[in-house]
Amino acid sequence: MGKISILWADDEIDLLKPHLLYLQEKGFDVMTVTNGNDAVDEFIKAKDGFDIVFLDENMPGISGIETLGKIKNINQRVPIVMITKSEEESIMNDAIGSKISDYLIKPVNPGQILLSIKKNIDKNRLISEKTTSGYQQEFRNIGMMLGENLNNKQWEEVYKKLIYWELELESSGDDSMKEVFQMQKAEANSLFARFIEKNYLSWLQSKAVDAPTMSHTLMRNKILPLVEKESVPTFMLLIDNLRFDQWKILQPTLEELFKVDKEESYYAILPTCTQYARNAIFAGLMPSEIEKMHPGLWMNDEDEGGKNMHEADFLEGNLKRLGKNIKFSYNKITNHNDGKKLAENIHQLAGNKLNVIVYNFVDMLSHARTEMEVIRELASDDAAYRSITLSWFQHSPLHDILKQIAAAKAKLIITTDHGTIKVTEASKVIGDKNTNTNLRYKSGKSLTYQAKDVFAVKNPAEAFLPRQHVSSVFVFIKGDKFFAYPNNYNYYVNYYKDTFQHGGISLEEMIIPLVALSPK
């Protein structure tokens, strides 16, 4: 970066010579004027422009506020620092409303001026350096954690640390550590897949003492205890396919309406897809148990028709089995108009103890990411995927729905049924014509696959999954791979590479948010 150029307008500029000498000794170029008109003229004439402007609020001729407006009309992005003797609120409001970058009260000292310059000119570089240095230190700590025999809670902690640093590095604008971070996240996912392969089936046993809260125990362990202790209605918002990093991106907007009481995570069951995980949430049962207890409602992969058509029925049965006499409502939003309609009628749900809202947008986005070229370009990587999720949310009926919930002073629980991962590498699989189409898990008979890439469940009953044929198996792909058939292999790989998929084993798909909020 070259010398920083400063324009300073003050009718008492002669009294500021010590400040000017101090800045010149620090290597800054300082142009001084004594009134607003000259400040505007110098700003226009400056060949290379000025990096920052200091304006006295009270000068002869046009005021500091008027000068500010004229300079902003020439260059909106230049940082302007207002300096004044007055602490009147109206002057502060005028200055802030005119988009000043900083506000100083006379008398100012050279240290204040230098700090203001660093905050406004050098801020991004300083933040970037601090963030990079912080991650370099944390890289070693996370690496040491990954070398240990982690339990399910520790894996949640590792994943949240990775998300924190991914978002910090992204906001710093420094790409120097991006490749290092991606390598560490890939290593974490590889080790996490081994952890799941080793522990998953034992978690599902009735006497398991070390099992985390999972899809089928979520209502019993977490949601219903929160609902029962509240004297006001609780809204359970399940945003389909919402990753933990996407929740963190939405959090600042939500905190304008709610305060976060508790932020947790839980584990999605396998397969990490809507048909299995969401039905398990509401039924409070694993898929094979749902099939047995609700034989007319469960749909297998080979069956024709919608696979998530009976969630309200499953929830009703779950509440009855648990002996919970809770009045509830269930609404599923799959398009914009349904969302607008629900936003207009939130008040009608105030008489229910529990109101479930399933919102499908993020799932639709991930599928559109695969199917539509324009979405492929908009959501080209994880950062863009997060960004488009935030943009949608801020302009969606869901945002309006949450405003209504906050206004009603109701409690809110935000969660999801599974996450999603950007897939980058294909793994060959062969199956018969009845094998399901999901890219992250396969279920069928006579499957041929690359064993090192998958967690294979050869007896589906052990994973509480329906067995459609005597020789049926389930295979779940690990990390960021996806299944591809040898037929038209290259076309298939090129079409699905770098798309967002779910159904398999990854931190992104399995460790998912559960957040309790109260209205402000």
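Which residue in β17 is the bridge partner of serine 427? In β17, that partner is phenylalanine 483.

This is a predicted model, in which local features need pLDDT of at least 70 and side-chain atom pairs count only at pLDDT 80 or more, while totals for chains, interfaces and linings use all residues. Residues are numbered from 1 along each chain as its sequence is written, and side-chain values use heavy atoms, with hydrogens and water left out.

Two strands pair if DSSP finds at least two bridges between them; helices (H or I, at least four residues) and strands (E, at least two) are DSSP runs, numbered from the N terminus. Strands β12 and β17 run parallel and are joined by four bridges. Contact means heavy atoms within 4.5 Å; axes are lines fitted to C-alpha atoms, for helices over the stretch in contact, and angles run from 0 to 180 degrees between N-to-C directions.

| Element | Residues |
|---|---|
| β8 | 328-333 |
| β12 | 425-430 |
| α19 | 489-496 |

In α19, Tyr492, Val493 and Tyr496 are buried. These three lie on the same side of α19 because they cover an arc of only 95° around the axis, the arc being that of the directions from the helix axis to the C-beta atoms. Asn490, Tyr491 and Asn494, on the other side of α19, are exposed. Buried means under 20% relative accessible area, exposed over 50%, and partly exposed in between (1.4 Å probe, protein chains only). Just after α19, aspartate 498 takes a positive phi of about 70°.

**Nonpolar cores**

A nonpolar core is a set of buried Ala, Val, Leu, Ile, Met, Phe, Trp, Tyr and Cys residues joined through side-chain atoms within 4.5 Å. The largest has 98 residues, of which Trp155, Phe192, Ile196, Tyr200, Ile357, Leu402 and Ile405 touch the most other members. Apart from it lies another core of 19 residues, including Ile4 and Phe54. Not counting residues up to four places away in sequence, leucine 402 touches Leu237, Leu254, Leu257, Phe258, Phe393 and Leu412.

**Phenylalanine 328**

Phenylalanine 328, in strand β8, is partly exposed, with a relative accessible area of 23%. Beyond its neighbours within four places in sequence, phenylalanine 328 is in contact with Ala312, Leu315, Glu316, Leu319, Asn352 and Leu354.
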